[in-house]
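Thank you for sending this model for comment. I have set out my remarks as numbered points, to be read beside the structure itself.

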Amino acid sequence: MVLDIDKCIAQLYNGELLAESQVQSLCLQVRPILANESNVVPLSAPVTVVGDVHGQYHDVLEIFAIGGQCPDTNYLFLGDYVDRGNHSVETISLLCCLKLRYPQRIHLLRGNHESRNITKTYGFYTECTTKYGGSAVVWREFTDLFDYLALAVVIEDSVFCVHGGLSPSVSHIDQLRVLDRFGEIPHEGPLADILWSDPDPDIQGFGRSQRGAGYTFGAQVVDRFLHNNGMSHILRAHQLCMDGFLVQFNDRLSTVWSAPNYCYRCGNIASVLQVDPYLKRDFITFTAAPTSPHKPAPLQSTDPSSYFI
């Protein structure tokens, strides 16, 4: 079908779901755009960086209200668009529509939730089948598309951006450039590590992650990676921050979290990070949108430790 992308964007801003056939056409057209991007995408500043949004669609609209509409503002989203929140379908639909309409003004990285396995457990699969009359077509279209998302961004050859963190298998960014990213997220290895790992101020090297995938990593790992690659800072998401962001390791690493009142129950502030042409970083914090649901999202797992996956 011929997709009227401006009509699709207007539908979504009006709170209307795209039809199944529209989603199929959207994914078909976005796929080659994503496939043509390298594993590590170079970006110029200024850029506004967004962390996890997890299906909190009304808060995504609030981000655009605060940070500026696309294409007026150049956006980088660090992954985890789906699961947990009640409106993952609307969230990923809008972001893909904007990517198709303005491919050079919005960049989407893969998070650990952009996965068939994870989305079957944490809400996206159930939401798709519920909203589309029991059909899993929309879920399959989007999870197939996730395989094409880029892995990392480098801003002005100086700031390394990734969803999760670092890997003991990757000391130089060139090692990421040669990975085969076109498939399901593996259970281990460098691709899994950069989507699952977390910083830990209590260690220096790498440690075991309680998430069951990836690693924890300390200050020495960060310093060595930045030195090896001639960079100044690491930007990542993946970890709930009650104040919306966290700066660690003598201002060498920042975490940005963009889902306020996560799961409609955590009570946290959220933020987006504005990086100016001189690489000055400015966190803009915000609370949940007035129209955001107040009813807590149902937990999709009975394991308490899974709450922060």
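The points below go from the chain as a whole to its aromatic pairs, its helices and its strands.

1. Overall form. Please keep in mind throughout that this is a predicted model. The chain holds 10 helices and 14 strands, and its radius of gyration of 18 Å is close to the 19 Å that the globule rule gives for 309 residues, so the chain is as compact as a globular protein of that length. The C-alpha trace spans about 50 × 40 × 35 Å along its principal axes.

2. Of the 309 residues in the chain, 58% are buried. When contacts with a separation of 6 or more are considered, 72% of them are made by residues 24 or more positions apart. The chain exposes about 12400 Å², and 51% of that area is supplied by carbon and sulfur atoms.

3. Aromatic pairs around Phe124. How many aromatic pairs does a search of the whole structure find? The search returns 12 aromatic pairs. In one of these, the rings of Phe124 and Phe142 have their centres 6.3 Å apart and their planes at 50°, so the pair is tilted. This pair links distant parts of the chain, since Phe124 belongs to helix H6 (residues 124-131) and Phe142 to helix H7 (residues 137-146), 18 residues apart. Phe124 is buried, with a relative accessible area of 0%, and for Phe142 the relative accessible area is 0% as well, so Phe142 is buried.

4. A further partner in H7. Phe124 also forms an aromatic pair with Phe146, again tilted, with 6.3 Å from centre to centre and 35° between the planes. Phe124 lies in helix H6 and Phe146 in helix H7, so the pair ties together parts that are 22 residues apart in sequence. Both Phe124 and Phe146 are buried.

5. Other ring contacts. Elsewhere, ring pairs join Phe64, Tyr75, Phe77 and Tyr81 into a cluster. A charged side chain is also placed against a ring, as Lys120 lies over the face of Tyr125 at 5.3 Å from the ring centre.

6. The packing of H6. Which residues of H6 are buried? They are Phe124, Glu127, Cys128 and Thr129, and the buried residues of this helix pack against helix H4 (88-101), helix H5 (116-122) and H7. Just after H6, Gly133 takes a positive phi of about 60°.

7. Ile9 in H1. Ile9 is found in helix H1 (residues 5-13), and its relative accessible area is 9%, which falls under the 20% limit and therefore counts as buried. Leaving aside neighbours within four places in sequence, Ile9 is in contact with Leu94, Cys97, Leu98 and Arg101. Ile9 and Leu95 are 86 residues apart in sequence, while their C-alpha atoms are 9.3 Å apart in space.

8. Strand S2 and its partners. In a regular strand the side chains alternate between the two faces of the sheet. In strand S2 (residues 47-50), Val47 and Val49 point one way and Thr48 and Val50 the other way, and all are buried. Strand S2 pairs with strand S13 (residues 270-275) in the antiparallel sense over 4 bridges, and the bridge partner of Val47 in S13 is Val275. With strand S3 (residues 75-77), S2 pairs in the parallel sense over 3 bridges, and here Val49 stands opposite Leu76.

9. Strand S12 and its partners. From strand S12 (residues 253-256), Leu253 and Thr255 point one way and Ser254 and Val256 the other way, and all are buried. Strand S10 (residues 233-236) pairs with S12 in the parallel sense over 3 bridges, with Leu235 opposite Ser254. Strand S11 (residues 245-248) runs antiparallel to S12 and is joined to S12 by 4 bridges, with Gln248 opposite Leu253.

10. The turn between S11 and S12. What do S11 and S12 form, and which residue in the turn has a positive phi? The two strands form a hairpin with 4 residues between them, and Phe249 in the turn has a positive phi of about 55°.

Key: Residues numbered from 1 in each chain as written. Predicted model: local features only at pLDDT ≥ 70, side-chain atom pairs only at ≥ 80, totals over all residues. Heavy atoms only, no water. Phe/Tyr/Trp six-rings, centres within 6.5 Å; stacked < 30°, edge-to-face > 60°. Buried < 20%, exposed > 50% of the residue type's maximum accessible area, 1.4 Å probe, protein only. Lys NZ or Arg CZ within 6 Å of the ring centre and 35° of its normal. Rg over C-alpha atoms; globule rule 2.2 N^0.38 Å. Contact = heavy atoms within 4.5 Å. Areas by Shrake-Rupley, 256 points an atom, 1.4 Å probe, with all protein chains shown as cover. Pairing = 2+ DSSP bridges.
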